[in-house]
Amino acid sequence: MIQIIQGDITQMQVDAIVNAANTTLLGGGGVDGAIHRAAGPELLAACRQLHGCATGEAKITAGFRLPAKFVIHTPGPIWRDGTQSEAQLLQRSYANSLALAAAHDCQTVAFPSISTGVYRYPLAQAAKIALTTIRDFLATNTVVKTVTLVCFDPTTLAAYQQAYRAIV
Ligand code: ADP
């Protein structure tokens with residue numbers, strides 16, 4: 001099942017939340033900063049052991065002081081002009097995060113809107129990639145049951161709701 005809500009991903013009581021990280025995994029602004037603040041300094045210490053992560057790949061840590069058991073860190077692509085494999089990389093961020101969640105027996109997973117903040121990926125295009133990738137994953141996997149898209153603001157929520165209506 002796919003759910004689309006407006007909220008703060010750091011509050012989500014799910015098995016895993018996904019962090020729109022950068023490739024250093026050493027923290028940043030936006031949702032990354034919010035997750036590190038809520039999880040506590042243990043999260044940064046755990047991320048230091050991971051030695052970064054390539055764009056489109058995903059790595060997992062504990063959730064520490066978060067309600068979520070795990071944090072899955074994935075650097076989405078920085079939007080340039082659409083010719084730099086941005087779409088494929090964004091799809092890989094979602095698909096690799098979901099595969100890692102399944103490998104850790106996560107039944108419930110929450111995503112933020114990866115790459116549509118500081119990384120400037122066009123919102124409507126990003127929403128379509130997110131939802132089609134999640135839909136296709138849920139059609140074949142047997143571990144992950146519920147994926148929640150946690151939209152931080154009304155504009156993001158509207159874009160994901162519209163993209164959802166277009167793909168079902
Ligand atoms: P990126 O660098 O991948 O673009 P950002 O963190 O800049 O990542 O933005 C990604 C999305 O996360 C944006 O829609 C932003 O508004 C949203 N966001 C910021 N804080 C939170 C939060 N606490 N919970 C959920 N989404 C958030």
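**Reading the fold and the ligand shell**

Mentor: Let's start with burial: 47% of the 168 residues in the protein are buried. Keep in mind that this is a predicted model.

Trainee: Okay. Which secondary-structure pattern does the protein follow along the sequence?

Mentor: The protein has five helices and six strands, and reading along the chain you get β-β-α-α-β-β-α-β-α-β-α. The radius of gyration is 14 Å, close to the 15 Å the globule rule gives for 168 residues, so the protein is as compact as a globular protein of that length.

Trainee: And how do I read the sheet? In what order do the six strands sit?

Mentor: General idea to begin with: strands of a sheet pair through backbone hydrogen bonds, either parallel or antiparallel. Here the six strands make an open sheet, ordered β1-β6-β5-β2-β4-β3, with mixed pairing. β1 (2-6) and β3 (59-62) are at the edges with a single partner strand each, so one side of each has no neighbour in the sheet. From one strand to the next, the twist averages 25 degrees.

Trainee: Can we zoom in on one pair? In what sense do β5 and β6 pair?

Mentor: Strand β5 (residues 108-111) and strand β6 (residues 146-151) run parallel, over four bridges. For a spot to look at, take A110, whose bridge partner in β6 is T148.

Trainee: Which strands does helix α3 touch?

Mentor: Helix α3 (residues 86-103) packs on the sheet and touches β2 (16-21), β3, β4 (70-75) and β5, its direction making about 155 degrees with that of β4. Then look at helix α5 (residues 154-167), which lies across β1 and β6 and runs at about 155 degrees to β1.

Trainee: Last one, the ligand. Which residues come nearest to the ligand?

Mentor: There are 21 residues around the ligand, and A20, G30, G117, Y119 and F152 come nearest. Next, ask who contributes: helix α1 (residues 30-39) gives the most to the shell, with four residues. Finally, check the classes: the shell has 10 nonpolar, eight polar and three charged residues.

Notes. Residues numbered from 1 in each chain as written. Predicted model: local features only at pLDDT ≥ 70, side-chain atom pairs only at ≥ 80, totals over all residues. Near = placed C-beta within 6 Å. Helix = DSSP H or I, 4+ residues; strand = E, 2+ residues; numbered from the N terminus. Nonpolar A, V, L, I, M, F, W, Y, C, P; charged D, E, K, R; others polar. Pairing = 2+ DSSP bridges. Axes fitted to C-alpha atoms, helices over the stretch in contact; angles between N-to-C directions. Contact = placed C-beta atoms within 7 Å. Rg over C-alpha atoms; globule rule 2.2 N^0.38 Å. Buried ≥ 20, exposed ≤ 12 C-beta atoms within 10 Å, placed from the backbone.
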